[in-house]
Amino acid sequence: MKSNREILDELGEKIVYNCFDGLIKQMISIRNHTNPPIIFQEKADFLKSLDDYQFENFKKILRSNFEVSFYEFFKIFEECQEYKIIYEAHGVQMNLNEISEMLKAEILIDNGWMERFSREI
C-alpha cells in the first residue's frame, strides 16, 4: 500500500500536469500556430498580441488563479463533511482530507504541488 504522502503527491502531480501544465501547453500551441482553428481564433489573437514579457506575466497570473481555484475547491471538502474525495486501492478506502494536514493548501504551499510537479513554470 502507498503511503499517505505518496497518494497525495500522485494526486497533486496529476492535477498539476493535466490541468495547469495542459493549459499552458495549449496556450503556447495556440500562440505559435500560424493558422489556428476558428474556435481558438479569439484566444490566438489575444495571445499573439502579447510580447514575451507580457506572456510570461500572463502565465504567472494564470498560475495564481489556478492555485486559488484549487485551494477553494479543496476547501469545500474540508468544510463540508457531506462531500468527500476518496482514494481506493486493494479494497481499502481513504478520505484524502483525513490523510492531509490541510488538503486545500497542498497546491500552493512552499515546495507544494505546483513547485514540485509543474513542468511549465
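**Contacts and helix packing in a predicted model**

User: What is the length of the polar contact that joins the side chains of S118 and D21?
Analyst: In this predicted model, the side chain of S118 is joined to the side chain of D21 by a polar contact. S118 is placed in the segment after α5, and D21 is also listed among its contacts, together with V16, F20 and W113, once neighbours within four places in sequence are left aside. The polar contact between the two side chains has a length of 2.6 Å.

User: Is S118 buried or exposed?
Analyst: The relative accessibility of S118 is 11%, and a residue has to be under 20% to be classed as buried. Because 11% lies under that limit, S118 counts as buried.

User: Which backbone nitrogen does the side chain of N95 reach?
Analyst: N95 has its place in strand β2, which covers residues 92-95, and with a relative accessible area of 12% N95 is buried. Not counting residues up to four places away in sequence, N95 touches K84, I85 and I86. Its side chain also reaches a backbone nitrogen at 2.9 Å, and that nitrogen belongs to N97.

User: Which residue caps the N-terminal end of α3?
Analyst: The cap is seen in a side-chain oxygen that lies 3.1 Å from the backbone nitrogen of Y53.

User: What does helix α3 reach from its first C-alpha to its last?
Analyst: Helix α3 runs over residues 52-79 and has 28 residues. At 1.5 Å a residue, a span of 40 Å is expected, and the model comes close to that value. From its first C-alpha to its last, α3 reaches 40 Å.

User: What covers the buried residues of α3?
Analyst: The buried residues of α3 are F55, K59, L62, F66, E67, F70, F74 and F77. Contact here means heavy atoms within 4.5 Å, and the elements that cover these buried residues include α1 (4-32), α2 (41-49), α4 (96-99) and α5 (113-117).

User: At what angle do α1 and α2 pack?
Analyst: The axes of α1 and α2 are 8 Å apart, and at their contact M27, I30 and R31 in α1 meet K43, A44, L47 and K48 in α2. The residues of this contact divide into four nonpolar, no polar and three charged. The two helices pack at an angle of about 85°, and that makes α1 roughly perpendicular to α2, the angle asked for being about 85°.

User: What is the phi of H90, a residue other than glycine?
Analyst: Most residues other than glycine have a negative phi. H90 is found in the loop between β1 (86-89) and β2, and at 76% relative accessibility it counts as exposed. Its phi is a positive value although H90 is not a glycine, near 55°.

User: Which loop does N111 lie in?
Analyst: N111 has a positive phi of about 60° although it is not a glycine. The loop in which N111 lies is the one between α4 and α5.

Conventions:
Residues numbered from 1 in each chain as written. Predicted model: local features only at pLDDT ≥ 70, side-chain atom pairs only at ≥ 80, totals over all residues. Heavy atoms only, no water. Helix = DSSP H or I, 4+ residues; strand = E, 2+ residues; numbered from the N terminus. Buried < 20%, exposed > 50% of the residue type's maximum accessible area, 1.4 Å probe, protein only. Polar contact = N/O pair within 3.5 Å; in protein donor to acceptor, adjacent residues only side chain to side chain. Expected span 1.5 Å × (residues − 1). Axes fitted to C-alpha atoms, helices over the stretch in contact; angles between N-to-C directions. Parallel < 35°, antiparallel > 145°, perpendicular 65-115°, else oblique. Nonpolar A, V, L, I, M, F, W, Y, C, P; charged D, E, K, R; others polar.
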